[in-house]
Amino acid sequence: MSRIGMKPVPVPAGVKVTVNGKEVVTEGKLGKMSVTLPEAISAAVDGNEVKVSRVSDEGNNKALHGLFRSLIKNNIIGVSEGYKKELQIVGVGYKAVLAGNKLTLSLGYSHDIVYPVPEGIKIQIADGTKLQITGIDKQLVGEVAASIRKFKKPEPYKGKGVRYSDEHVVIKPGKTNQ
């Protein structure tokens with residue numbers, strides 16, 4: 001029995017959820033998202049809740065039950081509140097500049113890194129070193145943040161690089177003379 005899948009998903013005011021066959025469409029003040037359910041999973045709107053059920057307990061159906069319940073919940077939160085990730089750039093001369101839909105990062109390499117911002121993602125830069133990535137798709141926001149961090153991960157001796165704002169980097173001691 002999927003403990004997560006059995007919980008109904010509450011629908012807040014201002015969000016409209018419709019089930020069209022195997023497609024669950026979620027509309028809110030920030031946009032519109034949809035998720036397509038597999039054959040073994042079904043969803044129904046009951047008042048201010050969405051209930052997800054499965055056909056049988058065979059095979060992978062239990063895992064899919066919880067997964068698609070979570071995907072529907074993420075869509076509801078995304079269209080009503082949105083998702084946000086914050087990155088911080090640490091290092092002398094390291095900075096970020098946003099021009100249109102292209103993010104240019106100066107991270108100590110011989111060249112600047114130009115990252116095209118995907119559709120549906122909004123990036124705000126404060127002080128040239130603090131990035132705020134927002135969007136309605138939780139997976140896409142996390143993927144963009146991870147891609148930007150991947151350009152220059154924090155190194156363990158001085159802590160320079162791109163890190164999440166709540167990430168703690170353990171600094172190693174350097175070599176000492178005896």
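Tutor: Start with Asp127, which sits in the loop between β11 (121–126) and β12 (130–135). The model is a predicted one. Asp127 has a relative accessible area of 70%, and is classed as exposed because the cut-off for that class is over 50%. For background, most residues other than glycine have a negative phi.

Another loop residue is Lys7, placed between α1 (3–6) and β1 (9–10). Lys7 has 49% relative accessibility, so it counts as partly exposed. Together with Lys73, Lys85 and Lys138, Lys7 forms a positive surface patch.

Next come the charges that do pair. In general, side chains of opposite charge can pair when their charged atoms come close. The structure contains four salt bridges. One of them joins Asp46 to Lys51, with 3.3 Å between the closest N and O atoms. Asp46 is partly exposed at 45% relative accessibility, and Lys51 is partly exposed at 39%.

Another salt bridge is made by the side chains of Arg54 and Asp57, at 2.8 Å from N to O. Arg54 is buried, its relative accessible area being 16%.

A further salt bridge is formed by Glu167 and Arg149, whose closest N and O atoms are 2.7 Å apart. Arg149 belongs to helix α3 and Glu167 to the segment after β13, so this pair ties together parts that are 18 residues apart in sequence. The two partners fall into separate accessibility classes: Glu167 is partly exposed at 24% relative accessibility, while Arg149 is buried, with a relative accessible area of 17%. The cut-off that places them is 20%, because buried means a relative accessible area under that value.

The ring centres of Tyr115 and Phe151 are 5.9 Å apart and the ring planes stand at 70°, so the pair is edge-to-face. Tyr115 is in strand β10 (residues 113–116) and Phe151 is in the loop between α3 (138–150) and β13 (161–164); the pair links distant parts of the chain, 36 residues apart. Tyr115 is buried, with 12% relative accessible area, whereas Phe151 is partly exposed at 26%.

Thr18 is found in strand β2 (residues 16–20). Its relative accessible area is 24%, which makes Thr18 partly exposed. From Thr18 to Asn48 the separation is 30 residues in sequence and 12 Å in space, taken from C-alpha to C-alpha.

Definitions and conventions:
Residues are numbered from 1 along each chain as its sequence is written. This is a predicted model: local features need pLDDT of at least 70, side-chain atom pairs count only at pLDDT 80 or more; totals for chains, interfaces and linings use all residues. Side-chain values use heavy atoms; hydrogens and water are left out. Patches are made of residues with over 30% relative accessible area and no salt bridge: like charges are joined within 9 Å, nonpolar side chains (Val, Leu, Ile, Met, Phe, Trp, Tyr) within 5 Å. Accessible areas come from the Shrake-Rupley method with a 1.4 Å probe; for residues, only the protein chains shown count as cover. Lys and Arg count as positive and Asp and Glu as negative; His and the chain ends are not counted. The place of a charge is taken as NZ of Lys, CZ of Arg, CG of Asp or CD of Glu. Helices (H or I, at least four residues) and strands (E, at least two) are DSSP runs, numbered from the N terminus. Buried means under 20% relative accessible area, exposed over 50%, partly exposed in between (1.4 Å probe, protein chains only). Rings of Phe, Tyr and Trp (its six-membered ring) pair if their centres lie within 6.5 Å; planes under 30 degrees apart count as stacked, over 60 as edge-to-face and the rest as tilted.
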